[in-house]
Amino acid sequence: MQALKLVPTILYFDTVAAFHAEYPMGERDLLVTSKGLYESYIKPIGVRIPVIYPKRYGEGEPTDAMIDAIVREAGAYDYDRIIALGGGTILDICKVLALDVPEKSEDLYTGVAAPVKVKKLVCIPTTCGTGSEVTNVAMAELTRFHIKKGIAVDETFADLAVLIPETMERLPFRVFVTSSIDALIHAVESYLSPKATPFTELFSLEAIRLIMKGYKAIVTGGEEKRFAYLKDFVIASNYAGIAFGNAGCAAVHALSYSIGGAFHVPHGEANYQFFTAVMKKYAAKAPDGKIRELTEILRAILDLDADAVQLAVYDALDTFLGKLIEKKPLKDFGMTEAQIETFTAQTVGNQQRLLVNNYVSLDDVELREIFEELF
Ligand SMILES: [Fe+2]
């Protein structure tokens, strides 16, 4: 049994300037980032480096059409290394850009073309959530089929994952919360996964501890408090990435792709809508397994009475997280009653890759109950 696989070398620096001093960027690199990040962190250090802004080719999560356009622009440059400075979208795009991309990048996602890595890849995450810098998963929407598909092969691992909390100082509070709550869910889902090992558990548990500690400070002291905890959050989201990169995510992510895809709800926000409902389903179905350990950890963090039953702990977690991000009935996102059925069928049909990592199996009746409850 594989206990832990960790491919990229992980670097930590407080600032981009400190990273550049030790690992210089230059004209043989291709920087893929946003204009705002370039102006804030690259321009001030005065480095000459070719830059591509993916936003020119589309907003939101990556599509194969965006990747094709970026590959065409990148063709104008001669470079050895790609530096991805951005959130999950930029990191996922660059994992593919580092491959020998065929005329249609779609072919890499559908398996028509085999992935061959041709460039070095440096990933610098600027949101504290996806953990994409240490996973080999690169997601994109295939525009021709209207589906989200991922590549997950050794060739899509970065060579360097660089953690720089300074790059998160510009994050609006809402993006900070939706990305870090995604990391919290990565940590929890990987902890409960049947693929968890004593090594992944270590990363999951420390990620949960760090994120909840930061959240408690924010809930008590206000949103500005996050700046004192950015280092903790960037490290925690990386830990959670290591954990789920090995042990996987499960039902929360599987369910969230329904509203994420149909109504373009941000990934972390979509996950949060399903988070505690799934935990309560687990606790009701198999209360004496590993979830009891998770419940006790959360009970201690949330300062709850020892006699509070498991389900009450997840209600309290819901109330606590609700102070950071609102939970809404699914119909408020635009979901119709008929979609309870179609989303259930889509989740069962398309998300087995995630559902196999559930703490306990949830069948279509139980998944439908979750959609009904949250509708
Ligand atoms: Fe996620």
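I will talk about the iron site of this structure and then about helix 12.

Please keep in mind that this is a predicted model, in which local features need pLDDT of at least 70 and side-chain atom pairs count only at pLDDT 80 or more, while totals for chains, interfaces and linings use all residues. Residues are numbered from 1 along each chain as its sequence is written, and side-chain values use heavy atoms, with hydrogens and water left out.

Let me start with the metal. The iron ion is coordinated by Asp182 through OD and by His186, His253 and His267 through NE2, at 2.1 to 2.2 Å, where donors are N, O and S atoms within 2.8 Å of the metal (3.2 Å for Na, K and Ca), and since water is not among the atoms, sites may look incomplete. In sequence these donor residues follow the spacing D-x3-H-x66-H-x13-H. Asp182 and His186 both sit in helix 6, four residues apart, which is about one turn of the helix; helices here are DSSP runs of H or I with at least four residues, numbered from the N terminus. Asp182 counts as buried because its relative accessibility is 4%, and His186 is buried at 2%, buried meaning under 20% relative accessible area with a 1.4 Å probe and protein chains only.

Now to helix 12. Its buried residues are Gln310, Val313, Tyr314, Leu317, Asp318, Phe320 and Leu321. Seen down the axis of helix 12, they fall within an arc of 165°, so they line one face of the helix, the arc being that of the directions from the helix axis to the C-beta atoms. What covers these residues includes helix 6, helix 7, helix 10 and helix 11.

Notes: Buried < 20%, exposed > 50% of the residue type's maximum accessible area, 1.4 Å probe, protein only. Helix = DSSP H or I, 4+ residues; strand = E, 2+ residues; numbered from the N terminus. Contact = heavy atoms within 4.5 Å.
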